[in-house]
Amino acid sequence: MQPVVAYHRVSTERQGRSGLGLDAQRERCVAFAAQNGFEVVEAFTEVETGKGSDALDRRPQLAAALTAAKRRRCAVLVAKLDRLSRDVHFIAGLMVQRVPFLVAELGPDVDPFMLHIYAALAEKERRMISERTRAALAARKRQGARLGNPTNLDEAGRAGAVATAKQAHHFAQNVLPIIQQVQASGVNSLRGVAAALNARGVRSARGGRWAATQVKSVLIRALPP
């Protein structure tokens with residue numbers, strides 16, 4: 001049987017805590033592998049949004065899955081294409097990684113060109129939904145409906161700080177398994193862990209290279225509250 005690395009993703013904290021969607025993705029990937037002569041040898045799970053041009057930088061588990069697939073010279077398997085992204089440019093960027101991708105819902109014979117086509121269709125659908133939503137909100141505003149809940153600047157600032165802290169905590173939880181793998185291999189110093197993360201191509205929270213202080217910060221943030 002051919003090895004394959006599975007990647008599962010949910011885009012909200014609530015889904016990540018409840019496991020909503022993750023079990024279905026795991027089952028779909030395992031079933032696909034069994035039906036097509038593959039064996040899931042490693043699996044990576046992420047709780048992170050797929051939006052933004054820097055989405056890969058904010059998804060260390062996807063970066064780790066790519067690294068594992070390169071090491072094993074095998075493909076990365078996802079249950080659905082949108083678990084990677086609905087952004088065609090993001091999909092194109094993944095193709096540059098020279099790691100083949102398998103999408104369970106599309107079958108085993110979909111080549112990279114077709115993945116681009118499916119991604120383009122998904123992106124178009126997302127754009128149309130967004131445009132319809134904006135048009136509906138504009139129509140309600142013209143009719144005199146009051147949209148949104150006004151808040152004062154202090155409340156907005158506190159909300160922003162909480163959101164930033166949550167994002168940092170989520171990133172730390174996602175990258176912690178990679179750090180633990182590095183430590184399990186015998187690398188114990190913060191500087192050594194940082195060097196190992198850089199060697200694996202894992203990006204820091206800001207999208208750059210790792211330093212010892214950043215590793216220490218992640219270890220602290222990943223601690224349970």
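Predicted model: local features only at pLDDT ≥ 70, side-chain atom pairs only at ≥ 80, totals over all residues.
**Entry 1: H8**

I began with H8 and placed this residue in strand β1; strands here are DSSP runs of E with at least two residues, helices are runs of H or I with at least four, and both are numbered from the N terminus. Residues are numbered from 1 along each chain as its sequence is written, and side-chain values use heavy atoms, with hydrogens and water left out.

Is H8 buried or exposed? I found H8 buried, at a relative accessible area of 3%. Buried means under 20% relative accessible area, exposed means over 50%, and partly exposed lies in between, with a 1.4 Å probe and protein chains only. I then listed the contacts of H8, leaving aside neighbours within four places in sequence: L22, Q25, R26, C29, A43, F44, T45 and E46. Contact means heavy atoms within 4.5 Å.

**Entry 2: the chain as a whole**

I counted eight helices and four strands in the protein chain. Along the sequence, I read the pattern β-α-α-β-α-β-α-β-α-α-α-α. The protein chain has 225 residues, and 36% of them are buried. Of the contacts with a separation of 6 or more, I noted that 68% join residues 24 or more positions apart.

**Entry 3: the sheet**

In what order do the strands of the open sheet stand? I read the order of its four strands as β2-β1-β3-β4, with parallel pairing. Two strands pair if DSSP finds at least two bridges between them. I marked β2 (38–47) and β4 (101–103) as the edge strands, each pairing on one side only. From one strand to the next, the twist averages 30°.

I looked next at β1 and its partners. Strand β1 (residues 2–10) pairs with strand β3 (residues 75–78) in the parallel sense, over three bridges. Within that pairing, I found V4 opposite A75 in β3 and A6 opposite L77 in β3. On β2, I found that nine bridges join this strand to β1 and that the two run parallel; V10 stands opposite V47 there. I also noted that β1 is mostly covered, as seven of its nine residues are buried.

**Entry 4: helices on the sheet**

Which strands does helix α2 touch? Helix α2 (residues 22–35) packs on the sheet and touches β1, β2, β3 and β4, and its direction makes about 160° with that of β1. Angles run from 0 to 180 degrees between N-to-C directions, and axes are lines fitted to C-alpha atoms, for helices over the stretch in contact. Helix α3 (residues 60–72) likewise packs on the sheet, touching β1, β2, β3 and β4, with a direction about 160° from that of β2.

I checked the length of α3: its 13 residues reach 18 Å from the first C-alpha to the last, close to the 18 Å expected at 1.5 Å a residue. The expected span is 1.5 Å times one less than the number of residues in the helix. Among the buried residues of α3, I listed P60, Q61, L62 and L66.

I located R73 in the loop between α3 and β3. Its phi is near 55°, a positive value in a residue other than glycine. R73 is exposed, with a relative accessible area of 79%.

I found D82 in the loop between β3 and α4 (88–95). D82 is buried, and its relative accessible area is 13%. I recorded 9.2 Å between the C-alpha atoms of D82 and R9, which are 73 residues apart along the chain.

**Entry 5: α7 and α8**

At what angle do helix α7 and helix α8 pack? I noted an angle of about 95° between α7 (residues 190–200) and α8 (residues 212–221), with their axes 8 Å apart. That angle makes α7 roughly perpendicular to α8. The cut-offs are under 35 degrees for roughly parallel, over 145 for roughly antiparallel, 65 to 115 for roughly perpendicular, and oblique for the rest.

I listed L190, R191, V193, A194 and L197 on the α7 side of the contact, and A212, V215, K216 and L219 on the α8 side. By class, I recorded seven nonpolar, no polar and two charged residues in this contact. Ala, Val, Leu, Ile, Met, Phe, Trp, Tyr, Cys and Pro count as nonpolar, Asp, Glu, Lys and Arg as charged, and the others, Gly among them, as polar.
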